[in-house]
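Colleague: Could you walk me through a few local details of this one before I set anything up?

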Amino acid sequence: MAKAYVAVDIGASSGRLMLAEIQAGKLKLQEMHRFKNGFTRENQHDRWNVDHLVNEIFTGLEKIKAAGYDEVRLGIDTWAVDYVLVGMDGKKLQDPISYRDARTRDAIAELTSELPKDYIYKKTGIQFLDFNTLYQLYAENKADLAKTDKIMMMPDYLGYVLTGNAVTEVTNASTTQMLNLREGLFDKDLLKQVNVSQEQFPRLVESGTVLGNIRHKWQLEYNLPQTEVITVATHDTASAVVGTPGNGDHWAFLSSGTWSLLGAELNVPENGAAAFAENYTNEWGAYGTYRFLKNIMGLWIAQCVKREYNDKYSFADLAALAEKEKPFQQFIDVNAKRFENPTDMIQEIQDYCRETGQKVPNTPGAIMMAVYSNLSLFYANELAKLDQILGYAIDTLNIVGGGSNVALMNQMTSTLANIDVYAGPDEATAIGNIMVQMIAEGDVSDIASGRQLINDSFKIKRFTPETGKYGTVLQRYQDFLKFEKGKKVTN
């Protein structure tokens, strides 16, 4: 039997365990277990139930053992920036607070009054988002920090619970906005600002580091396969980029899920004035690369809309309804802070349109078309900025993740940006997770070979520009964004 690999891939709304094997020269992937995730209000904060995540990993592994797999390799990826405080006894002090919690609302302004933004950006190359770990720690309860022995990023904590071994993997650690680009270590000046020390973080390791076997006590408590845990590219976007079958020399990626992460894979970081002005980030990638990208609100908006219709419609239903509507009936800045965690997303979209004097969408199809068409506009606008910052023209866009299945949005993006779009695989995050494990085990020689294996194993859809279809709509959208930004500055 071929080696079996398991990707534990956990996002903000759900998680799953995916099993992979190489069969007849192709990567075969199957979902073995899926579970819900989400934060709840507890002790005045939005918190993750991290014990639930651990239990679901064990449940998934038991299913894999029941399916006849006695030995597997396993890697864990999750979202970025959130962390667990671990006390001197090796146990979590409390459930970790979600990045969507309001505690960091004023943290950037307060911290950057002491350390200027350009100073921080030159050190880290990381974009300014008020939920970055730097600002979460700035807002953290100081008494809890004093009791903290170790600060562990979410996937590192899960690996620690499984194996008893603690590390800090670099792709996720870079999102903290506390790693120094030149030194490759946590920056002492920034740590001082948030009252933590280098010693409170487990040692930094690269993607592909073997963490260890699942602890014997878990083997006794659960019916698990023999499991070796490998520290993969633990930030889900880093795994998604590994799992992206890039085409050509000047390709860009769009990891399209709850968040949309649009950018390019670079060998050296780009933290100059233009990147700083546009708030682009240089997150560390696997194998010495950098993910130069822009955070975009993404399908979080669509997920909220679906939920607010009481899940009456599937995403496929909503896309079909959207296709019956005219696109670009209103312009929306999808990255406006008001869409980050509103009480009612549909109402927020409608209020935005009223406040800007535009047509208000009132049906499920019209609302979803507003979401999809404005995400496409935002993508096209950012691709134009990416060309300017990098100094060369992006020739292909590779869309991976759940959004790769939204043909309507992919085609609009291709036409607006005048670029060939390759969509798929939708499971790029799990695939990238698996690929790092396979490279670590020697089943795949390197990342180039891994991407060729992905191309050979999965169906990739191509979208080409429909010349002249939308006229000047992108330029009008860009003018709209400038006007709205100007109003904020004036106010």
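Predicted model: local features only at pLDDT ≥ 70, side-chain atom pairs only at ≥ 80, totals over all residues.

Colleague: Fine, helices then: how do the axes of helix 12 and helix 15 cross?

Modeller: The axes of helix 12, residues 300–308, and helix 15, residues 364–390, come within 10 Å and cross at roughly 170°. An angle over 145 degrees counts as roughly antiparallel, and helix 12 and helix 15 are therefore roughly antiparallel to each other.

Colleague: And which residues meet there?

Modeller: On the helix 12 side they are Ile301, Ala302 and Val305, which meet Ile367, Met368 and Val371 of helix 15. By residue class, the contact of helix 12 with helix 15 divides into 6 nonpolar, no polar and no charged.

Colleague: Switching to the backbone, where is the cis peptide bond?

Modeller: It joins glycine 424 and proline 425, with omega at about 5°, and proline 425 has its place in the loop between strand 18 (420–423) and helix 17 (428–441).

Colleague: What about phi of valine 81?

Modeller: Valine 81 has a positive phi of about 65° although it is not a glycine, and this residue lies in the loop between strand 6 (71–77) and strand 7 (83–87).

Colleague: Is valine 81 buried or exposed?

Modeller: Valine 81 counts as buried, because its relative accessibility is 5% and buried means under 20%.

Colleague: And what is phi of asparagine 195?

Modeller: Phi of asparagine 195 is near 60°, which is a positive value in a residue other than glycine, and asparagine 195 lies in the loop between helix 8 (188–193) and strand 10 (204–205).

Note on methods: Residues numbered from 1 in each chain as written. Heavy atoms only, no water. Axes fitted to C-alpha atoms, helices over the stretch in contact; angles between N-to-C directions. Helix = DSSP H or I, 4+ residues; strand = E, 2+ residues; numbered from the N terminus. Parallel < 35°, antiparallel > 145°, perpendicular 65-115°, else oblique. Contact = heavy atoms within 4.5 Å. Nonpolar A, V, L, I, M, F, W, Y, C, P; charged D, E, K, R; others polar. Buried < 20%, exposed > 50% of the residue type's maximum accessible area, 1.4 Å probe, protein only.
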